[in-house]
Structure formats: structure tokens, C-alpha cells
Amino acid sequence: MIKKTKILHLTHTDIYDDNRILKELEALSDSDEYDILSVGVKDEGGGTRTELVVKTQVKLLNLVSKKFTYLPKFLRHGLNIIELFFPMLVRGIRYRPAIVHCHDTLVLPVGWFISYLTGAKLIYDAHELESDKNGQSKLLSLATLLIEKVCWPRVSVLISVSPSILTWYSTKLGHKKNTLILNSPLITNDANDPAVEVAENYFRSLYGIRPDELIFIYLGMLENGRGIQTLLKAFTELGVNSHVVFVGHGRLEPQILSVSEKSEKVHLHNPVPHEAVIRLVKNADIGLCVIENISLSDYYCLPNKLFEYCFAGIPVLASNFPDINHVVAKHRLGIVSEIDFKSIVDAIKAIERNPPSFIPKNIAELSWQEQSNRLIDVYSEILTETRS
């Protein structure tokens with residue numbers, strides 16, 4: 001019997017709610033080479049659970065401090081780190097992995113200690129530009145950057161979601177071997193899976209939208225910084241004839257619902273399981289990837305919705321940010337626009353006059369299959385270096 005290489009994944013999120021982590025685990029578990037233990041934090045927040053089958057060992061910790069939502073985020077995150085540190089440390093030392101894969105900054109300190117005590121290689125998988133992101137105070141940003149700087153010398157490989165974020169880390173913290181893993185969707189081919197079944201012309205039937213009216217769709221968290229207020233104003237503007245469907249959840253749900261009750265062109269749809277997103281999006285005409293420039297993480301982002309629209313086969317209207325602009329132009333995914341009210345309205349009206357055809361170019365390199373191959377290559381390189 002071949003002895004499998006032990007891999008430890010650490011996260012402060014609920015693994016069953018975190019689609020990126022689940023896809024990475026699935027890619028690695030398809031190989032008979034690895035024995036994988038994943039340790040995360042149980043979340044009772046009612047996120048959209050996935051139907052992906054997790055073939056790895058999964059342990060979810062119950063953190064009391066997660067419930068202290070009345071505390072400032074800086075203090076709450078500090079308590080989270082303290083509370084998850086020892087349970088993860090004990091499991092990591094007992095498990096004795098060859099690689100510790102840390103998802104984001106909160107688990108990086110415990111990952112560092114496990115790596116130091118066991119000799120395991122350390123992967124830092126930064127899902128955003130962690131020290132400069134939306135809704136984060138200056139104090140929390142400084143603390144995040146300090147953690148990264150202290151742990152950085154031990155990091156073997158950096159993984160992140162956009163070229164600009166990888167460049168930022170190399171410039172600010174020092175060059176490391178790095179790999180780009182895009183937030184591409186995992187496409188299911190099972191047309192009979194009830195989780196992905198969506199009726200043809202679903203939105204038109206549900207909301208009574210005429211065939212000559214375009215349907216724009218917004219996917220994701222309904223929070224500040226996502227251009228939602230601008231979009232609500234734009235789609236209720238006189239002269240805009242298209243409809244917009246918001247799919248997601250968040251603090252702006254009441255505002256969207258309020259506007260939808262007054263305007264027949266604005267609609268709010270409940271979030272759907274990850275596996276059903278592509279089928280749902282196919283019922284729209286244009287995808288909205290409108291992000292506000294309120295943090296470096298936002299400015300450098302390549303959101304998963306951009307790729308979900310792409311693989312659903314609809315063009316995108318996106319923010320004119322460096323990485324987004326590059327991907328949209330290179331792969332012919334749609335158009336980019338400035339994100340002020342006038343620019344968005346002008347872009348919508350231009351699309352209404354001349355709806356773009358979706359004729360993408362070389363999108364295979366954007367697929368999750370390509371991303372999973374990169375991840376497997378990273379692991380192979382690390383283990384080859386370890387054995388040599």
C-alpha cells in the first residue's frame with residue numbers, strides 16, 4: 001500500500017460554505033497521492049451550502065467569539081485567532097503534515113507554528129489583498145499586515161486570485177514563488193441534477209419580462225462597495241428599458257426590495273447553491289460585475305462572478321479596473337465602464353441600442369480545470385523539492 005502524503009488545510013471559514021476551498025480540496029482529493037485534513041470554523045449564519053461531495057477529513061470548530069458580533073471587528077478577529085489557535089495547533093502537530101495550506105490571514109499564525117514544529121512546507125492562500133480590503137479598519141489592516149510580515153519568511157508559496165495582488169505581495173513583502181488560482185466556477189455536466197435544474201426563460205416567466213427587454217443580472221453579496229446603489233438608480237432612470245435581477249444576500253436586501261416594490265424593472269432573487277449558478281445566469285442577457293474602488297483588494301480584484309458570467313455564455317458589463325479590464329479585453333468577455341452613475345446609464349443604453357454578442361476567445365485558460373492543474377503542479381513542485 002502506497003503511503004499518502006499528509007496535507008493540512010486551515011481556514012477561519014465554514015468549509016462547506018466556502019466554494020473556493022471546496023474546489024481546491026476536490027482537485028487535490030482526486031489524486032490518490034494525498035491524505036487531506038481540513039480544519040475550519042462552523043458558521044451558523046445560514047450561508048448557501050454546497051452540494052459538492054467532500055472526500056477529505058473535515059473538522060469544524062465551534063467558536064464562541066464568532067457570536068460576539070457587537071464587538072469591533074478588530075477585537076472580534078483577535079479573539080477568533082486566540083480561540084482557534086490551540087485546537088488547530090494540537091490537531092496539526094498530531095497529524096504531522098508535509099504541507100500546511102493556510103486560507104487567509106487569521107489562520108496564518110497557527111499555520112506558521114505547525115510548519116515550524118513539524119517541518120511542513122507553508123502555503124499562504126490569500127483570497128484577497130488581506131491588509132487593504134472593503135470594510136476593514138486601519139487598525140485591523142495594520143494588524144493583518146504585521147501578521148503577514150512576521151510569517152512571510154516561512155511561506156514557501158503564495159497563492160492568490162489576481163496578478164496585481166501577487167505583484168503587490170512580492171513588492172511589499174518580498175518575492176516568493178507564487179501561483180495565480182482564479183475564482184473560476186466548477187462546471188457540472190449532470191443535466192439531471194436537481195441542484196442545477198433551472199427552467200428555460202426562468203426570469204422572463206417569473207417576473208413577466210417581455211422578449212424585447214434585456215435582463216441584466218448581478219451575482220454576489222448585497223453589500224456596500226458593490227455599486228448596488230448606483231445600479232438601483234440607473235435601472236430606475238427614465239429611458240432605461242432593461243430589467244436587473246439581484247441574486248444574493250446581504251445588508252442591502254431591504255433597500256433592493258424597497259426599490260423593487262416601486263419599480264417593475266428591479267427584482268430581488270434568493271441566492272442559489274453554487275452548482276445552480278451557471279444554469280440560473282444563462283437566463284439573463286448581460287452580467288454585471290460593478291465593483292467600487294474603495295480598497296486595493298477591490299481595485300485589483302477578479303471576482304468569481306466575472307467567470308460565472310463567462311461560462312454561462314453571457315457578456316459582461318464590468319468596472320474599468322486593471323485586472324478586470326485585461327481579462328475582459330483579452331478574452332472578449334464584454335465591455336468595461338467607469339462606475340459613476342452617468343457612465344453606467346450610458347453603458348446600459350448603449351447595450352440596449354446594440355446588444356453585444358458573446359464571442360469569447362481562449363476561455364479554456366480561465367476554467368477551473370486549468371486552475372486545478374496549477375494547484376496540483378504547485379503541490380508536486382513543493383513535494384519534489386522536499387524529497388530532493
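Visitor: Which residue is the bridge partner of V100 in β5?
Guide: In this model, which is a predicted one, V100 has L122 as its bridge partner in β5. That bridge belongs to the pairing of β4 with β5, which runs in the parallel sense over 5 bridges.

Visitor: And is β5 mostly covered or mostly open?
Guide: β5 is mostly covered, since 5 of its 6 residues are buried.

Visitor: What holds paired strands together in general?
Guide: Strands of a sheet pair through backbone hydrogen bonds, and the pairing can be either parallel or antiparallel.

Visitor: How many strands are in this sheet, and in what order?
Guide: There are 7 strands in an open sheet, and reading across it the order is β3-β2-β1-β4-β5-β6-β7, with parallel pairing. At the edges are β3 (57–61) and β7 (177–180), each of which pairs on one side only. From one strand to the next, the twist averages 20°.

Visitor: Which strands does helix α1 touch?
Guide: Helix α1, residues 19–29, packs on the sheet and touches β1, β2 (34–41), β4, β5 (121–126) and β6 (155–160), while its direction makes about 165° with that of β2. Helix α2, residues 73–95, packs on the sheet as well, touching β1, β2 and β3, and its direction makes about 170° with that of β2.

Visitor: Staying with α2, is N80 buried or exposed?
Guide: N80, whose place is in helix α2, is buried, with a relative accessible area of 5%. If you leave aside its neighbours within four places in sequence, N80 is in contact with L63, S65 and K66.

Visitor: What about G78, where does that sit?
Guide: G78 is also placed in helix α2, but its relative accessible area is 28%, so G78 counts as partly exposed.

Visitor: New topic: at what angle do α7 and α13 pack?
Guide: Helix α7 (residues 228–235) and helix α13 (residues 341–353) pack at an angle of about 50°, and their axes are 9 Å apart. The two helices are therefore oblique to each other, and their crossing is right-handed.

Visitor: Which residues make that contact?
Guide: From α7 the contact uses T230, L231, K233, A234 and F235, and from α13 it uses F341, I344, V345 and I348. Sorted by class, the contact of α7 with α13 has 7 nonpolar residues, 1 polar and 1 charged.

Visitor: Last one: why is α11 called largely enclosed?
Guide: Helix α11, residues 304–312, is largely enclosed by the rest of the structure because 7 of its 9 residues are buried. The buried residues are K305, L306, F307, E308, Y309, C310 and A312.

Visitor: What covers them?
Guide: The cover over the buried residues of α11 includes the strands β8 (215–219), β11 (286–289) and β12 (316–319), together with the helices α9 (277–281) and α12 (322–331). Just after α11 comes G313, which takes a positive phi of about 85°.

Conventions. Residues are numbered from 1 along each chain as its sequence is written. This is a predicted model: local features need pLDDT of at least 70, side-chain atom pairs count only at pLDDT 80 or more; totals for chains, interfaces and linings use all residues. Side-chain values use heavy atoms; hydrogens and water are left out. Two strands pair if DSSP finds at least two bridges between them. Helices (H or I, at least four residues) and strands (E, at least two) are DSSP runs, numbered from the N terminus. Axes are lines fitted to C-alpha atoms, for helices over the stretch in contact, and angles run from 0 to 180 degrees between N-to-C directions. Contact means heavy atoms within 4.5 Å. Angles under 35 degrees count as roughly parallel, over 145 as roughly antiparallel, 65 to 115 as roughly perpendicular and the rest as oblique. A crossing is left-handed if the near helix is turned anticlockwise from the far one by less than a right angle, and right-handed if clockwise. Ala, Val, Leu, Ile, Met, Phe, Trp, Tyr, Cys and Pro count as nonpolar, Asp, Glu, Lys and Arg as charged, and the others, Gly among them, as polar. Buried means under 20% relative accessible area, exposed over 50%, partly exposed in between (1.4 Å probe, protein chains only).
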